[in-house]
Each structure stands twice: as C-alpha cells, then as structure tokens.
Amino acid sequence: MNFDYNTTRSELILAEYGRNVQNMVKYIITLPTKEERNKYAQAVIDLMGFLNPHLRDVADFKHKLWDHLHIISNYQIDVDSPYPKPTPETKEIKPDHIGYPQQRIRYKHYGKTVEKLIATAIAEENPERKAGMVQGIANFMKMAYVQWNKDNVADEVILKNLSELSGGALALEENVNLQKVEFRAQNNRQNNNNRGRQNNNNNKNRQNNNNNRQRNNNNKQRH
C-alpha cells in the first residue's frame with residue numbers, strides 16, 4: 001500500500017492558499033484554450049480572496065491576488081490578467097531600508113512630539129495664540145509625565161522642564177495652574193471592586209434576613 005505524505009509531494013509555493021489551489025492552478029495551465037483558462041482563473045481568484053479575507057484590507061488586493069496566481073503557476077499561466085504580469089525578477093527586489101531616526105530625545109517621557117510643539121510655539125508671533133499653545137503644551141507634558149512615571153508630579157517640575165526644552169523662551173504666566181492629573185494605582189481599582197462586591201453581599205444578606213422575618217411572621221399568624 002502506498003501512502004501519500006506531504007514529504008513526498010511538491011513544495012507549496014504560497015502555503016497560505018493551500019495545496020488544492022496550487023493543484024487548480026496547475027490544471028488551468030494545461031487547458032487548451034485561453035477562454036477556458038480565463039474562466040477558471042477568475043474562479044480561482046475568487047477562491048483565493050475567500051481563503052484570505054484579510055487581503056481585502058490591503059490596497060489593490062485584487063492586484064495582489066493576480067500576482068499570487070502567477071507566482072503559484074511559476075509564471076507559466078497564460079491568461080488575460082487585468083494587471084501587468086509579474087516576473088521572477090520583481091519578486092526578488094527588496095524594498096529600501098527605512099532606517100531609524102537618530103535624533104536624541106532629552107526627556108523620553110515627553111517624546112519628540114513635545115519638542116516639535118515647543119519649536120512651533122517659539123516661532124508663533126501672535127502673543128495670544130502663543131500663550132494658548134504654551135498652556136496646552138504644559139498640560140500635555142504633565143499628562144505624559146504621569147503616564148510614563150506612574151507617579152504624581154508638581155507643576156513646578158513641568159514648568160522647569162518646559163523652560164529647559166525651550167531654552168528659556170517659553171514660560172507660563174504666574175499663578176497659572178495646570179490641569180489636575182493624578183496617578184491611581186491598580187490596587188485602588190481592586191479595592192473599589194472588593195468594596196463593590198462586599199456591598200452587594202451585604203445587600204443580599206439584608207434581603208435574605210428580611211425574607212426570613214416575613215416567613216416567620218406568616219407562620220405565627222397561621223398558628
């Protein structure tokens with residue numbers, strides 16, 4: 001008895017479509033007329049899209065499906081594709097390396113965005129608009145500080161950092177308070193949940209006691 005194992009089969013070219021799709025593509029290659037090949041190729045394209053619905057979120061996903069059809073056929077299928085036929089050379093082309101930004105961030109918990117906002121505020125010439133921008137930047141810095149460090153922070157620390165990042169060019173007016181931002185530990189949430197459960201249990205116990213008293217009163221009236 002001969003068994004058909006995956007190790008004895010031909011290698012899957014695009015494993016995400018499975019062996020059945022690959023066999024269908026091989027069959028299409030053998031069809032004698034282009035009309036038949038076009039008909040069955042469109043059916044396989046629809047099946048490939050059904051098997052990989054996530055491709056629908058990709059731009060030009062139909063184009064990608066037709067490219068994959070040619071790749072599965074080892075570029076041998078002869079059909080009327082609505083897109084340019086890919087070549088083996090294009091498959092080997094790798095995109096250029098994007099690279100990583102090499103800019104130094106002075107305070108990582110504020111990020112590079114805050115530094116850009118500060119630079120924009122420094123360049124602003126309208127005094128009223130500039131004051132509003134500085135107030136918004138300081139409030140954002142306080143929120144970012146609390147989220148990163150998991151600790152409360154005084155307004156004086158934020159104002160000092162704002163002055164350092166702006167080279168002394170930006171400052172808030174005196175007696176201006178930043179928005180209140182507090183760090184709440186996870187234990188507080190758990191304690192609140194425990195209190196809520198305890199209150200629910202107490203309410204249930206009171207209700208059960210009231211029901212028991214009512215039953216006792218009813219029994220006394222019957223006797």
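**Reading the helices**

Mentor: Axes are lines fitted to C-alpha atoms, for helices over the stretch in contact, and angles run from 0 to 180 degrees between N-to-C directions. Helices (H or I, at least four residues) and strands (E, at least two) are DSSP runs, numbered from the N terminus. The model is predicted: local features need pLDDT of at least 70, side-chain atom pairs count only at pLDDT 80 or more, and totals for chains, interfaces and linings use all residues. Residues are numbered from 1 along each chain as its sequence is written, and side-chain values use heavy atoms, with hydrogens and water left out.

Trainee: Is the crossing of α1 and α2 left-handed or right-handed?

Mentor: A crossing is left-handed if the near helix is turned anticlockwise from the far one by less than a right angle, and right-handed if clockwise. The α1 and α2 crossing is left-handed.

Trainee: Which residues make the contact?

Mentor: Contact means heavy atoms within 4.5 Å. From α1 come V21, M24, V25, I28 and I29; from α2 come R37, Y40, A41, V44, L47, M48 and L51. By class, the contact of α1 with α2 has 11 nonpolar residues, no polar and 1 charged. Ala, Val, Leu, Ile, Met, Phe, Trp, Tyr, Cys and Pro count as nonpolar, Asp, Glu, Lys and Arg as charged, and the others, Gly among them, as polar.

Trainee: What is the angle between α2 and α3?

Mentor: α2 and helix α3 (residues 61-72) pack at about 115 degrees, with axes 10 Å apart. α2 and α3 are therefore roughly perpendicular to each other. Their crossing is right-handed. In α2, A41, Q42, V44, I45, D46, M48 and G49 meet K62, L65, W66, H68, L69 and I72 of α3. The contact of α2 with α3 divides into 8 nonpolar, 3 polar and 2 charged residues.

Trainee: How many aromatic pairs does a search of the whole structure find?

Mentor: Rings of Phe, Tyr and Trp (its six-membered ring) pair if their centres lie within 6.5 Å; planes under 30 degrees apart count as stacked, over 60 as edge-to-face and the rest as tilted. The search finds 2 pairs. The ring centres of Y27 and Y40 are 6.2 Å apart and the planes are at 85 degrees, so this pair is edge-to-face. Y27 lies in helix α1 and Y40 in helix α2, so the pair ties together parts 13 residues apart in sequence. Y107 and Y110 also form an edge-to-face pair, 5.7 Å centre to centre with 70 degrees between the planes.

Trainee: Is Y110 buried or exposed?

Mentor: Buried means under 20% relative accessible area, exposed over 50%, partly exposed in between (1.4 Å probe, protein chains only). Y110 has 4%, so Y110 is buried. Y27, at 47%, is partly exposed. Y40 is partly exposed at 37%.

Trainee: How many helices and strands does the chain have?

Mentor: The chain has 8 helices and 0 strands. Of its 223 residues, 25% count as buried.

Key:
Angles under 35 degrees count as roughly parallel, over 145 as roughly antiparallel, 65 to 115 as roughly perpendicular and the rest as oblique.
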